[in-house]
Every structure is written in structure tokens, then in C-alpha cells.
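Visitor: I am new to this structure and would like a close look at a single part. Please take me through it step by step.

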Amino acid sequence: MLTVPEVHLAPLLPVLIVLAGAVASTVLGFHLPRRALTFINLAMLVLSGISMGYLWNSGEAAFGGALQADNAAILLGLTILLGSAMTLLVSLDTAFRARVSFPEFDAMLMYAVTGTLLIAFSGDLITMLIGLEIMSLSGYVLATMQDSRQAEESGLKYFLLGAAGSAVLIYGIAFVYGATGSLNYAGIAAKTAGLTPGNLGVLVGGALLLLAGFAFKVALAPFHQWTPDVYSGAPTSVSLFLSTVVKVAAFAGMLRVFGGALQNAPGWAPVLQILIAVTLIVGNAASLFQTNFKRMLAYSAVAHTGFLAMTLLGTPGMGGAAMAYYLLVYTLMTAAAFAIVAALQRSEKGMEISDLRGLYYRHPAYAVALAACLASLAGLPPFAGFFGKYLAFQAALQGGYVWLAVLAALASVAALVYYLRPAMLMFMPDRTPAREYAHGERPATTFTVALGVIGVTVLGILPNLWYGWVANPGIWGALAGR
Amino acid sequence: MIHLMIFLPLLGSLLLLATPRRWREEVAGFISALTLGLGLLIWRGGGAELFSVNWVPALGVTYSVALDGVSLTLALVTALMSFVAVLYTARRIENPGTMLSLVLAMETGLLGIFAARDLVLFYVFFEDALLPALLMLAIYGKPNRMRALVKFAAYTLFGSLLMLLSIIGVKYYGGSPTFALADLVQHPVKGAAQTWLYLGFLAAMAVKLPLWPLHAWLPDFHEQNHDSGVPDVMGTLYKVGGYGLFQFGLPLFPDASTELRPILMGLAAFTALYAAWIAFRQTDWKRLIAYAGLSHMGFVALGVFSLNETATIGAMYLLAFQNVYTGALFLAVGMLQERVGSINTRVGGVMTQAGALGGMTMALWFASIAVPGLAGFVGEFSVLLGAYQVQPWLAFIAGLSTIAAAAYALTAFQTTFWQGRPLGGVRVADLRHTEWLVLGLPLVVALFFGVYSAPALNLIQPAVRGVLATLGGS
């Protein structure tokens, strides 16, 4: 007699709700217009968020700890949901122009969100890998979906390099399993203490392969090469999604693996600091020379990867909190900036930086909003980016990486130059005709932009609103499920 | 009251956006006058006590503000000059709403800098004052502003990011629970770490002072700003490096300050002389005043770095009143530009038709080149007197710059206001309406405090003694 295994469904709820949205989009797409589906999906995201609130402090787990809804997962999951909702809102206005306005877009997006949530909720390497693959495969499709040469190229590039990254990651998982005999984060963390030298070597190898695999996914240099091409080639709403939600999820995975399972494993931190240093230099230096605004944002995403990764070098209590704060702020400001590009661009290539000249006199509200986003990205107070950067510096200093913090400060100067140039150009008077899409301002996009700008301003003046939640070190001490 | 004084200008700045166009000037003037009035009330009440609440408890960041001693003096000067700037903006700039908004927003940042008694809060205000300055340059600047803007931003932020690292380091290595100055002083950092952290802190302050070799942004910033000189006034007020060193640098890094004293004093003396020398060859009024200001800032730095009581008092005195007369000079240049359409120093003959403008300008220049009886003299003399007791030769070198100052100021004044009037020159109007007030108010202040320095010294002296006492006295 076949017995149905007992599955504890409650911790799965946030993921299942989003998955239901994805399935609904797939099935109902034959009957309903796309906008209706988008509204359904937005509702699903909200429901998922509510279910996360319900799970707060419950610490429930399913599948024997392979999936756990601890507070860390919920905090990262909420950030993911917010980014996804902002993507959907922007796509309401721009999907038609971007020629991706069909139900499959929504379905793929929701599948990708399902994957990202799985990563955040993962309790072992296999769950994490499944989530990562769902996210990546949907991402490849999303990047290619627009019927254009550029999108095809970017999607193919994303696919080939992403597949290579996944392969490396899987190889790393195998190594770690070989060394510790466990796939569970808690199991790995428990085993890392008393390993024989031979096993330790395998573990270090596995950790480094995992690091390389993740470096592909979050775009740490020198594994970042696909990023600018993909972000600038994909439709802007997809770029928004890839550079926020996907990155948040990949960092959530990194936090789980390196802050939890491999926290005490030797070898990866020294390598990571080199990767961060290279990322900071390459990302910031390359952004400095971009003439296309969308491409500049892509490189700036690479540069921010460097800052975000610095938080991994701190203790999990400090670093995890820093990362969770930074990720939310990063999502808000990047999404708002991309939303403005999506609203104002004439074609999916984005805008040239020189086109921004005089924007303040044509679209005053958008110009002020974009300036606030750029100031926040540059880390200027009173915007929340400042505290994000501050926390990243603090994490690196507490980990003893003084030179890295100094390098990051120097790299930030380059960042300030490339963020401030467009920001200031917008306020310079201009007599040439407008170069924006004529019908650029739509309610949903405007709402998204307002959400992002108000978010970074409020979180900048009152950081405690979010940091107070994430700062509890207990949340991050239990990353590995102990 | 102190919170109202800090944030009232910012509120006013936001209010202006919602104000009908024709009332904006009045509203801005009212707000800035009210801020100044609040400042005077605080002064009458003997300063504002330290007020401290947690801001970000998880990070140990507090909202600690106080206005007393040096900071109150500087805050009052800031409020006064912002009021003067608002007066002139309203008269000079067409449709001045945006500019007034920026001036008021910047005033909040500046007042916050002086009031902050928490390092992170200080940093936040420090950067907040920067944004309006950048926007003024971007919106109202001259054709080459982009270069000046990038230079200004890059220098400033380069310094302040290193300062941010130092701030984090001071708390972390010292083991203080919060970033409040009082707590940090209780938990000092010892040894070599202190020197490194001081250098990081110094990077920001040296840019702001500015100190050679980090001064290159200054002349471009002033040259490319709007002709009216209003942004320049605010830019002058933004030179808070001397104050930051005094209020935070000395108490937090006492050993490092003593250790690096000769080198820093040398740099300061060199800055003073070098800037005066360069100023001599300028043909653009704004660049000339910028370099003159740089030279004064060399004096301020010399005074602070000398760790001598007389010199430090002089430095703070100079810092406060340099803002007044240099700011007014920038506005005078703006008036000159409005009349003759040029800010070249070789215009010639303006005095014959605009006697009051010429006279006022000259009196302000006298204050600037430290003619006794005007505010500049008290400051510069005290700095030299004090520095002489520490490093006689460096004081001598810096002292040379007062001679150079007389040379560059009087030469430029002579070629602009006297000499022959060029043939076919336009008729130049004299001072009108509020212009009298715009130049007269700062001049009265400079005169008053040049003759009767007690009110300001009563504020500055105890504060300086308090800070220097923590160093073990020298």
C-alpha cells in the first residue's frame, strides 16, 4: 500500500502561492488578457508576503530541514517579493512597447520568483540548486523573449555563461558532499570542524568551486562579463528584474552557503576578498566610461556586487544584517532607476547619458526622483544607500579587511563621478528638443518610482525601520539551521 | 529650539516648492531671518545644551546636537550670511525660487554640521550640505561647470569617504558603544592606529579647508559658479574643515595631532603663502577671492594645528569672520558683474560712477587683508602670535602672506575701480535698495567685531580651552 509522505506544508506556503501565480498565468493565459494576469500575480505576491508575515518567528522547516522558513529566509524573501512586484508594476506600462506583452512573460517571471524564493528558503544544497536552476532557466527565457537580435544575443550569452556557472556550482556541491558526507547546511557546518587533512583539501576545493559558481550568478569579477551585455540587451523591465531580484536571490544563496554552511571552512574568504577587490576596480572603472545610461546602470550593478559581497566577510551576525539591509535598499534604488529608464527611453537600448541633459525642465518629478536614486546609489546621505555602504565598510573592517575597505572607499570616488554626472546633467538647462518617449509617464511606473524614492529616503532618515528588524544577530547565527 | 533652528531652513526650502511664485522671495527671506533670530535667541540664552537621543540604536548612531562656543559662533555667522545671500538672490536672480530653495537647504546642512555632536550625524550633514552646492553649480553654473563639478565632487567625496572609514574605525578600535563625541572621547584609540585614523579624518578636512595639495577644486568651483556670487557665499560657508579639526580632530586624536604637528603646520604655512602668491596673478575676481580665501584657510589651519591656545582662538575667530567678509566680497563681485558685465580685474574706472560700491568693496577688502580695526586682523594676529610660540619660522613664512595679501588685493582693486574709464564704457549704477543692506550688514559685523571682539571671544575662548585641556595643555 502506497503511503503519502507527511509533508509539512506551512513553511512552503510563500513559495507555493507564487508558484500558483505562475501556473495560473500559464493556464489562464489562454482566456484572460495579460494585464489581468499581472494583477493576479501582484495579488499573489502580496499574499505570499502575508504568509511570510504569518511565518515570522515560527522557525518552521519542511522535508527534514531541506526547506526552512526561518527569519533570515523571510527577510530576504520579502526583499525578493518587493523587487518582483516592482518589476510587474513597470511591466504593466512598458511590456507592450517592449514587445513582451504576452502571458508567457508573466508566467516565466513568476517561475523565476518561485526559484528565487526557494533559494532564500533553502536548507540544503540541493534545494538551493533547484531554486537556482528554476530561477536561471526562467531568466534565460525572459532575457530572450523580446523578438530582437539584441535580446537573442543577450539571452544566449546569459544561457551559455549561466550554464557554465551552474556546472561549476554543481561540481562544487559534489566536492563539498564528498568532503563532509552531507548536503544539509547544518550537517556541513557540523562536519567542517573535525575533518582529516585529505577531506579538508576536498572541502576547500568545493568551497572555491561554489564561490566561482556563485560569482557567475552575482557577477563578481572576473566572472561578470555577461552582465553588461545581458542587462543592456534585455528589455528594460527584465534588466530591472535580473539586476535586483535575481541578484538578491543569488546573494541569499551565498549568505546561506558561506555565512552558514561553510562559515568555518578555510580558504574561501581570502579568495573572496581578491574577487571583491577586482570587482570594485573593474565595475567602477568600467562604469566611468559608459555613454549609455542603461549600460552604466549595468556596470554599476557589478560595482554594487562588490560592496554587497563585502558584507560576507563580516561575522554572520553583523554581515547578514548588513547584507539584508543593503539588499532591500539596493532593490529599491536600482528598480526605481530602471523604472525611470523604462518609462522615458525611446527604444529598449535605453538612453544615452547625454540625452538626460535638461530632463529636469521636461520631467521635473522624474528628474528629481532619478537624482535621488543616483545619490543613493552613490551612497550620499540622507538616502539609504549611505547606510548600506556604511554597513558594508563596517563588516569589512570588523573582519579585519582594512585594505579592502580603503580600496572600496577609493573605488566609491569613481562611482560618485559617474553617478553625479548624469544626475547633474539633468539639471542643466537645455534648448534641444526632448529625446524621451513622448508618452512616458504612466501611473504604475510612477508608483514604482515613488515607492523606490520614498523607500530610500525614509530608510535613509530612519534606517531603524528596516535595520531594527534585520539587526538581531540571532537571525543570522542560525543561517545553517542550528 | 535648536532643532527648529537646524531644520527650519529645510522646511522652508520644501515650503518654497509649494509657494506661489510671487511670494517665494518673501517667504524665503522670512524663513532665513527667523532662523537668524532663533540663533540670536539661543545666544541670548547662553547656548543650547547637548541633546541626545538614539537614532539607529543597532549601530550606535545617535542624534546628538548642541550649539555652544565655537559652534554657536559659526552657526550664527552661517545664519547671517544665508540671510544676506537670500536677500541678494531675491533681487538679482530672475525667478529665484530654485536658488532660494537650494540656499535654504544648504543652510540646514551647514547648521547641522556645526550642531552635530555625533560623528555619523556630522558626516550626514557634511554630505547633505554638498548636494545643494552641487545643484547650484549644475543649474546656475557657467559653460565649463561640468569639469568643476566633477572635480569638486571627486575631491570632497574622496576625503569624506576616507573620513567615514576613520569614523567607523574610531568606534571599532576604541570600543565605544556609540558614535556620540562624548562616548568616543571616553574610549580613545591608542598607538599607531590613532595616527592612521587621524590621517583618514584629515583627508576630508584638508579637502574642505582646503589645504595644499588638496585645494585644486576651489578656484574652479568659484569661477564656474553663477555670476551673482550667491553660490560662492554658500561655498565659503562650506569650508568647515577647520571647525571639524577643532571640534572632532583634536579631542579624538590628541597624540596624533601632537605627533604630526610640525608637518601639518608646515603645510598650512605653505598653503597660506602659496595661495597669496597665486592670487596675485589672477585676472578673474572670483578666482582671486578664492585664492585669497585659500590663503586665509592656511592661517586657520596653522592656528588649529599649532595646538596653542591663542592661535586656535585666532583660527576660530578668523574662520567665523572670514565667512562674513569673503562672502560679502563675492556678492560685491556679483554686483560689479551686473553693472559692467565682466568680472575681470582690469575693468577700470568703476569708482567714478559707483562710489559706494567701490567704497564698500574696499572696506571689505581691508577686513580681508587684516587691517587693524576690522575683524580679519584679530584672527590673523592671534594666529601668528600663537604660532610664533610654537614654530617661529613657520609663523614668519605665513606672516609674509599678509604682505602679499595687501599687494594682490590693492592691485586688483586699483585696476578695477580706479584707473581710466575705458572709452564707450556703459554708465555704471551705484548701490540700490537692498544692495546697501547686502554689503552693509557684513561690513558692520566685520567692523564691530574688529573693534569689540569680546562677544565672540567670550564664546570661543572657553570652548578652545576645553578642547585643548583634553590634550594635556601645551
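Guide: The model is a predicted one. A:Ser287 is buried, because its relative accessibility is 0% and the cut-off for buried is under 20%. Apart from neighbours within four places in sequence, the residues in contact with A:Ser287 are A:Met296, A:Tyr299, A:Ser300 and A:Tyr418.

From that residue we can turn to where the two chains meet. Chain A brings 37 residues to the contact, and chain B brings 34 residues. Between them the chains bury about 3100 Å², and carbon and sulfur atoms account for 83% of that area. On the chain B side, the residues that lose the most area to chain A are B:Leu59, B:Leu161 and B:Leu165, which together make up 18% of what that side buries.

Polar links come next. Between chain B and chain A there are 0 salt bridges, while 2 residue pairs are in polar contact, counting pairs with both residues at pLDDT 80 or more.

As for the elements involved, four in chain B each supply at least two residues of the side that touches chain A: β1 (48-56), α5 (119-128), α6 (130-140) and α7 (145-174). The largest share comes from α7(B), with 17 residues. Sorted by class, the side of chain B that touches chain A holds 28 nonpolar, 2 polar and 4 charged residues.

Notes: Residues numbered from 1 in each chain as written. Chains lettered and ligands numbered in written order. Predicted model: local features only at pLDDT ≥ 70, side-chain atom pairs only at ≥ 80, totals over all residues. Heavy atoms only, no water. Buried < 20%, exposed > 50% of the residue type's maximum accessible area, 1.4 Å probe, protein only. Contact = heavy atoms within 4.5 Å. Buried area = accessible area lost by both parts, 1.4 Å probe. Salt bridge = Lys/Arg side-chain N within 4 Å of Asp/Glu carboxyl O. Polar contact = N/O pair within 3.5 Å; in protein donor to acceptor, adjacent residues only side chain to side chain. Nonpolar A, V, L, I, M, F, W, Y, C, P; charged D, E, K, R; others polar.
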